[in-house]
Amino acid sequence: MSWYKDGLKFECTQCGNCCTGGPGAVWVSEEEIQAIAEYLEKPIGEIRLMHTRPLRGQKSLTEFANGDCTFFDSRARKCTIYPVRPIQCRTWPFWRSHLTDEKSWNDLQQNCPGINKGDLVQLEVIEARATEREL
């Protein structure tokens with residue numbers, strides 16, 4: 001049985017830290033790109049050209065020079081596509097890479113003030129999120 005069998009506490013504080021910082025990859029599917037285009041009422045080609053990049057045989061959202069996500073509004077400290085954000089963003093912080101052991105989970109607190117705060121998230125919910133996209 002996993003170390004988090006009794007669930008984990010997490011509450012998003014909407015701090016924006018998961019959208020900012022060092023370079024990385026936010027993987028997006030064609031369906032997610034289409035949803036972003038529809039939400040922003042922009043042509044899908046514009047979204048692909050201005051906001052995605054090929055990376056390791058997949059598509060990733062682009063970043064600003066400081067590492068912030070292309071859809072992060074730094075003044076408002078919020079995501080501009082929140083209702084249609086990619087699966088990777090929706091499943092944060094319940095990624096396999098964060099769930100390997102208790103230390104990995106607790107280390108996230110350095111950047112994510114919602115770790116170990118708020119309501120208990122049940123094992124079934126954690127597992128469902130962790131399997132939506134392997135990260």
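## Fold and overall dimensions

The chain has five helices and six strands, where helices (H or I, at least four residues) and strands (E, at least two) are DSSP runs numbered from the N terminus. Along the sequence, they follow the pattern β-α-α-β-β-β-β-α-α-β-α. The radius of gyration is 15 Å, close to the 14 Å given by the globule rule for 135 residues, so the chain is as compact as a globular protein of that length. Here the radius is taken over C-alpha atoms, and the rule is 2.2 Å times the number of residues to the power 0.38.

This is a predicted model: local features need pLDDT of at least 70, side-chain atom pairs count only at pLDDT 80 or more, and totals for chains, interfaces and linings use all residues. Residues are numbered from 1 along each chain as its sequence is written, and side-chain values use heavy atoms, leaving out hydrogens and water.

## Where two helices meet

Let's look at helix α1 (residues 30–40) and helix α2 (residues 44–51), which pack at about 110 degrees with axes 8 Å apart. They are therefore roughly perpendicular (65 to 115 degrees). The contact (heavy atoms within 4.5 Å) involves E30, I33, Q34, I36, A37 and L40 of α1, and I44, I47 and R48 of α2.

## Cysteines without a bond

How many disulfides are there? The count is zero, taking a disulfide as a pair of cysteine sulfur atoms within 2.5 Å. The sulfur of C12 has its closest cysteine sulfur in C18, 6.3 Å away and too far for a bond. For C15, the closest is in C112, at 5.8 Å, again too far.

Methods. Axes are lines fitted to C-alpha atoms, for helices over the stretch in contact, and angles run from 0 to 180 degrees between N-to-C directions. Angles under 35 degrees count as roughly parallel, over 145 as roughly antiparallel, 65 to 115 as roughly perpendicular and the rest as oblique.
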